[in-house]
Amino acid sequence: MTMSMEQIHRIKELQLQEKGAYQIAKELGLDPKTVRKYMKQEDFSPRLPVPVSKPSKLDPYKPTIDAWLLQDAKNRYKQRHTGKRVYDRLVKKFPEFNCSYPTVNRYVTAFRQRQHLSKKGYLELQWHPGEAQADFGECDVIVNGVRRVTKYLVVSFPHSNAGFVQCFLGETAECLCQGLMDVFYHIEGVPSRLVIDNATAAGRRIGELVRLTQLFKRFQAHFGFEITFCNPNSGHEKGNVENKVGYARRNYMVPLPSKVSLHEWNTELFELCDLDNSREHYKKGVPICELFEKDKEAMRALPNAPFESCRYGHVKTNGYGKFILDGKHTYSSSPLYADREIIVRIGAHFIEPLDEAGDVISRHEREFGTERTDTVDWLTMLDQLIVKPGAWRNSLMRSQMSYEVRDYMDEQDKSGLRQALRLMKDLSNQYGLDVAVTSIQEAIVRKRTQGIEVNAAVVAARIAHYGLDTPGEPGPDMSQYDVLLPAFGGEVHGPQ
C-alpha cells in the first residue's frame with residue numbers, strides 16, 4: 001500500500017503523542033502493520049524518482065524497430081520511416097504481430113525524441129583573454145539614397161563580450177581581410193587566436209583538411225594570429241559572435257541606417273560599438289570595456305608594415321577600354337587601353353585598373369550582387385573629351401549634366417568647349433567632380449562679368465570650404481570710428 005506524505009506525517013504526529021500502533025491504526029483506518037512500519041522508519045529524505053516501465057506487447061519487436069530507425073540517420077530525410085511504414089513492415093514480417101498502429105507510432109515518436117535530445121546539448125567553452133570570433137551577418141542599408149543589401153562583419157571577444165562591426169557590400173576574402181584589419185587597427189592590437197566558421201571568404205574545412213584562400217594566407221602571415229575553423233554546421237562552437245550578429249542587427253541596423261557612404265557608416269559603427277562596450281557584462285557584473293583591457297593585454301602587437309587587402313587579376317578590355325569582373329560588372333579603364341590585357345587591383349571597396357608602370361588608370365567603387373552594372377570613371381572620360389571635343393554631343397557625360405551646363409557647352413565652339421572641359425577637369429582634381437559641376441552651373445546661372453573660369457573657381461572653393469548657402473561673416477563693427485572721428489573734425493555717420 002502506497003502512503004501519501006500527509007498520512008505518514010499524521011502517523012508521526014500521533015506517535016509523538018505516545019499513542020500505540022493499534023490506536024493510530026484505529027484512528028486513521030489503517031492496517032496496524034503499515035502503521036508500525038512508518039513508526040519505525042527514521043529516514044524520510046526525498047528519494048530519486050525511478051521511472052517504472054510497464055511491460056508492453058511491443059517489447060519483442062523493439063530491437064527490430066530500433067535498428068530500422070538508426071539506419072534512417074544515414075538516409076535522406078524524405079526517405080526515412082514514418083510510424084505507418086514501421087507498422088506496415090512489422091505486420092508483413094511477423095505474422096503473429098498483434099499490436100495497434102497508435103502503439104507503434106507512439107514508440108517511434110518517443111525514440112526520435114530521445115535521439116534528438118541526445119544531440120542537442122552543448123559544452124560550455126572557456127575563452128581566454130585575447131581570443132576572438134568572427135562572422136558575417138546580412139542587413140539592408142540606404143547608401144547615398146539607394147537601398148543596398150550589405151554584409152556586416154562582426155568580431156567579438158568572448159572573454160569580455162566586446163564586439164566590433166564593419167559593413168561591406170560583399171562577403172569576399174577582400175572584405176573579410178579589410179574588415180578584420182580595420183578592427184585590428186581600431187583596437188590597436190591583433191587577437192592571439194581567431195575562430196571563424198567554414199566560410200569561403202577565408203577558406204574551407206573538409207574533414208581534417210583546411211584550405212585557406214591565397215589572400216587570407218597572406219593576411220594571417222602578415223598579422224601573425226592563429227586560426228581555428230569550426231566544424232561544418234556547428235555555429236555553437238562560436239556562439240558568442242553568433243549572438244553578437246543578432247545583437248548588432250537589432251541595435252545598430254534598426255531603423256534602416258541612411259548614410260552618404262559606407263565609409264561614413266563604418267566610422268559611426270566603431271563609435272556605436274565603443275559606446276556599447278561601456279555597459280555592464282551580462283554575467284560578470286563588470287563594464288565590458290574594463291574586461292576588454294585584459295583582452296588587449298593578451299593581444300599581439302600590430303605589424304610595422306601596412307597590409308594591402310586586395311588581389312590582382314588580368315582582364316581583357318573591349319574596344320571602349322572596358323572590362324568585366326565577376327561575370328556581370330563592367331568597369332571602364334581608358335580608351336587608350338582598348339583591346340588590351342591589363343592588370344586590375346581588386347579591393348573590398350574599390351576596383352583600380354593599372355597601367356604598365358602600376359599607376360592607377362581609373363578608380364571605381366566595387367559592385368556586388370546579381371544584377372548587371374556598368375561603371376564609368378568620369379575623370380578618364382573628361383581626359384578623352386578634352387582630346388576629342390567633337391564627341392561631346394554623343395557622350396555619356398553630356399547626358400548626366402544639368403540643362404544649364406549642357407546648353408552652355410553645346411553653344412561653345414571646339415576651342416571654347418575644350419577650355420570648359422579642361423576647367424571641369426581642373427576643378428574635379430581639386431574639389432571632386434560633383435563640386436566642379438555644381439560650381440560651373442552656378443557660374444553660368446549667375447552670369448557674372450569676371451568670366452566663367454573665375455566665377456566657377458570661386459564658387460567651387462566656397463562649396464568645398466563653407467557651403468554654397470552659408471551666410472557670410474558680419475565683419476568688424478565700424479561704428480566706433482564714427483564716435484572718434486568728430487574729435488578730429490570728421491562727420492558723424494553712425495548712431496550717437
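Strands here are DSSP runs of E, at least two residues long, numbered from the N terminus. That matters for the loops I will name. One more caution: this is a predicted model.

Start with a loop. Asp339 is found between strand S11, residues 329-332, and strand S12, residues 341-347. What is the phi of Asp339? It is positive, about 55 degrees, although Asp339 is not a glycine. Buried or exposed? The relative accessible area of Asp339 is 51%, and the cut-off for exposed is over 50%, so Asp339 counts as exposed.

Next, Asn144. This residue is found in the loop between strand S1, residues 131-143, and S2. Asn144 is not a glycine either, and its phi is positive, about 55 degrees. Its relative accessibility is 58%, so Asn144 counts as exposed.

Asn144 also takes us to the largest pocket. The space in that pocket is about 1,500 Å³. Its lining has 37 residues. Which of them are closest to the centre? Asn144, Val260, Phe350, His364 and Glu365.

Now the elements around that pocket. Each of these supplies at least two lining residues: strand S2 (146-157), helix H7 (173-187), helix H10 (262-276), strand S14 (364-365), helix H12 (378-387) and helix H16 (433-446). Which one gives the largest share? H10 does, with five residues.

On to the backbone. Where is the cis peptide bond I want to show you? It joins Val254 and Pro255, with omega at about -5 degrees. Pro255 is found in the loop between helix H9, residues 239-252, and strand S8, residues 258-259.

Last item: a helix pair. Helix H2 covers residues 21-28, and helix H3 covers residues 32-40. They pack at an angle of about 120 degrees, and their axes are 8 Å apart. The crossing of H2 and H3 is right-handed. Which residues make the contact? From H2, Ala21, Tyr22, Ile24 and Ala25. From H3, Pro32, Val35, Arg36 and Met39. By class, that contact of H2 with H3 has seven nonpolar residues, no polar ones and one charged.

To recap. Asp339 and Asn144 each have a positive phi of about 55 degrees. The largest pocket holds about 1,500 Å³ of space. H2 and H3 cross right-handed. Thanks, everyone.

Terms used: Residues numbered from 1 in each chain as written. Predicted model: local features only at pLDDT ≥ 70, side-chain atom pairs only at ≥ 80, totals over all residues. Heavy atoms only, no water. Axes fitted to C-alpha atoms, helices over the stretch in contact; angles between N-to-C directions. Helix = DSSP H or I, 4+ residues; strand = E, 2+ residues; numbered from the N terminus. Left-handed = near helix turned anticlockwise from the far one by under 90°. Contact = heavy atoms within 4.5 Å. Nonpolar A, V, L, I, M, F, W, Y, C, P; charged D, E, K, R; others polar. 1 Å grid on protein atoms, 1.4 Å probe; cavity = no way out; pocket = protein on both sides within 12 Å on 5 of 7 lines; lining within 4 Å. Points joined across faces, edges and corners; volume = space filled by probe spheres on them. Buried < 20%, exposed > 50% of the residue type's maximum accessible area, 1.4 Å probe, protein only.
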